[in-house]
Amino acid sequence: MSACAPQAAPPAVTAAPSVAVPPPPPPSGPLATETEYLGWKYFQVYCARCHGEDALGSLAAPDLTYALSPEGGVTRDSFAIVVRNGTTSKEMQGFARLLDDSLIGAIFAYVEARSQGRLARGRPTRAPI
Ligand code: HEC
C-alpha cells in the first residue's frame with residue numbers, strides 16, 4: 001500500500017436525532033427590576049451581615065422590611081440619611097464614602113420591594129432586558 005493511497009471516505013455525518021428540550025420553568029413570583037436587582041447585590045455586600053440576607057433583621061440589627069412599612073415609618077429620605085451618616089447610636093456607621101445616592105436609592109428600591117412583599121426571599125430573578 002502506497003503512502004499516498006487515498007483514505008477511505010469518512011462516514012457521513014448524520015444529524016443528531018432531535019431531542020425536545022423543555023423550556024425552563026417560568027420563575028415563580030414577580031421579577032425584579034434592574035434597580036432592585038442592583039440594590040439586592042449591594043445589600044448583600046454591605047448590609048446583610050447585620051440586617052440579614054433577606055432584610056429581615058438579625059440579633060445585630062432591625063428588620064428593614066418592617067422599618068419601611070407604614071408602622072416602621074422609614075421613608076426614602078430618612079433611609080438615605082441613616083445610610084449616609086449612620087445611626088445616632090453609631091452601632092451602624094455611615095456609608096457615604098462607599099455608596100453614592102444612586103446606589104443608596106437602589107438599595108432602598110430592593111428593601112421597599114421586600115417590605116411590600118413584591119420580592120420573595122433569596123436571590124431575585126431579573127426581568128429580561
Ligand atoms: C454593623 C452592623 C450594621 C450594618 C453593616 C448595617 N446596619 Fe443598618 N442598622 C444597624 C443597627 C444596629 C441599627 C439600629 C441602630 C439604632 O437604632 O441605633 C440599624 C439601623 C438601620 C436603619 C434605621 C431603621 C429604623 O427603623 O430606623 C436603616 C434604614 C438601616 N440600618 C439601613 C442599613 C443599610 C441599607 C445598610 C447597608 C448599606 C446597613 N443598614 C448596614 C446595624 C447595621
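**Fold and burial**

Modeller: The protein has 5 helices and 0 strands. The model is predicted.

Colleague: What pattern does the protein follow along the sequence?

Modeller: Strands number 0 and helices number 5. Read along the sequence, the pattern is α-α-α-α-α.

Colleague: What percentage of the residues in the protein is buried?

Modeller: The protein has 129 residues. Of these, the buried share is 22%.

Colleague: Of the contacts with a separation of 6 or more, what share joins residues 24 or more positions apart?

Modeller: The count covers contacts in the protein with a separation of 6 or more. Residues 24 or more positions apart account for 65%.

Colleague: Which residues of α1 are buried, and what is the arc they cover around the axis?

Modeller: The buried residues in α1 are Glu36, Gly39, Trp40 and Phe43. They lie on the same side of α1, because the arc they cover is only 105°.

Colleague: Which exposed residues sit on the face of α1 turned away from its buried side?

Modeller: The cover over the buried residues of α1 includes α2 and α5. The face turned away from that buried side carries Glu34 and Val45.

Colleague: How far apart are the end C-alpha atoms of α1?

Modeller: α1 has 13 residues, so at 1.5 Å a residue it should span 18 Å. The model agrees with that: the end C-alpha atoms are 19 Å apart.

Colleague: Is Tyr42 buried, partly exposed or exposed?

Modeller: Tyr42 is found in α1, residues 34–46. Beyond four places in sequence, Tyr42 touches Leu99, Leu103, Ala106 and Ile107. Its C-alpha is 9.6 Å from that of Tyr110, at 68 residues apart in sequence. A residue needs 20 or more other C-beta atoms within 10 Å to be buried; Tyr42 has 18, so it is partly exposed.

Colleague: How many residues of α5 are buried?

Modeller: α5 has 15 residues and is mostly covered. What covers its buried residues includes α1, α3 and α4. The buried residues include Ile104, Phe108 and Ser115.

Colleague: What span should α5 have at 1.5 Å a residue?

Modeller: The end C-alpha atoms of α5 are 20 Å apart. That agrees with the span its 15 residues should have, which is 21 Å.

Colleague: Which residues does Val111 contact beyond four places in sequence?

Modeller: Val111 is one of the buried residues in α5. Leaving aside neighbours within four places, its contacts are Ala55, Leu64, Thr65 and Leu68.

Colleague: How many C-beta neighbours does Leu119 have inside 10 Å?

Modeller: Leu119 is found in the segment after α5. Its contacts beyond four places in sequence include Pro30, Ala32 and Glu36. Pro30 is 89 residues away in sequence, yet 6.5 Å away C-alpha to C-alpha. Leu119 counts as buried because its C-beta neighbours number 28.

**Positive phi and the ligand**

Colleague: Ala55 and Lys90 are not glycines; what are their phi values?

Modeller: Most residues other than glycine have a negative phi. Ala55 lies in the loop between α2 and α3, and Lys90 in the loop between α4 and α5. Ala55 is buried, with 27 other C-beta atoms within 10 Å, whereas Lys90 is exposed, with 8. Both values are positive: about 70° for Ala55 and near 65° for Lys90.

Colleague: Which residues come nearest to the ligand?

Modeller: The shell around the ligand has 15 nonpolar, 4 polar and 2 charged residues by class. Of the 21 residues there, the nearest are Cys47, Cys50, Ala61, Ser89 and Met92.

Colleague: Which elements give two or more residues to that shell?

Modeller: The question concerns the shell around the ligand. The elements that give two or more residues are α2 (48–51), α3 (64–67) and α4 (76–85).

Note on methods:
Residues are numbered from 1 along each chain as its sequence is written. This is a predicted model: local features need pLDDT of at least 70, side-chain atom pairs count only at pLDDT 80 or more; totals for chains, interfaces and linings use all residues. A residue is near a molecule or strand if its C-beta atom, placed from the backbone, lies within 6 Å of it. Helices (H or I, at least four residues) and strands (E, at least two) are DSSP runs, numbered from the N terminus. Ala, Val, Leu, Ile, Met, Phe, Trp, Tyr, Cys and Pro count as nonpolar, Asp, Glu, Lys and Arg as charged, and the others, Gly among them, as polar. A residue is buried if 20 or more other C-beta atoms lie within 10 Å of its own, exposed if 12 or fewer, and partly exposed in between; C-beta atoms are placed from the backbone. Two residues are in contact if their C-beta atoms, placed from the backbone, lie within 7 Å. The expected span of a helix is 1.5 Å times one less than its number of residues. The arc is that of the directions from the helix axis to the C-beta atoms.
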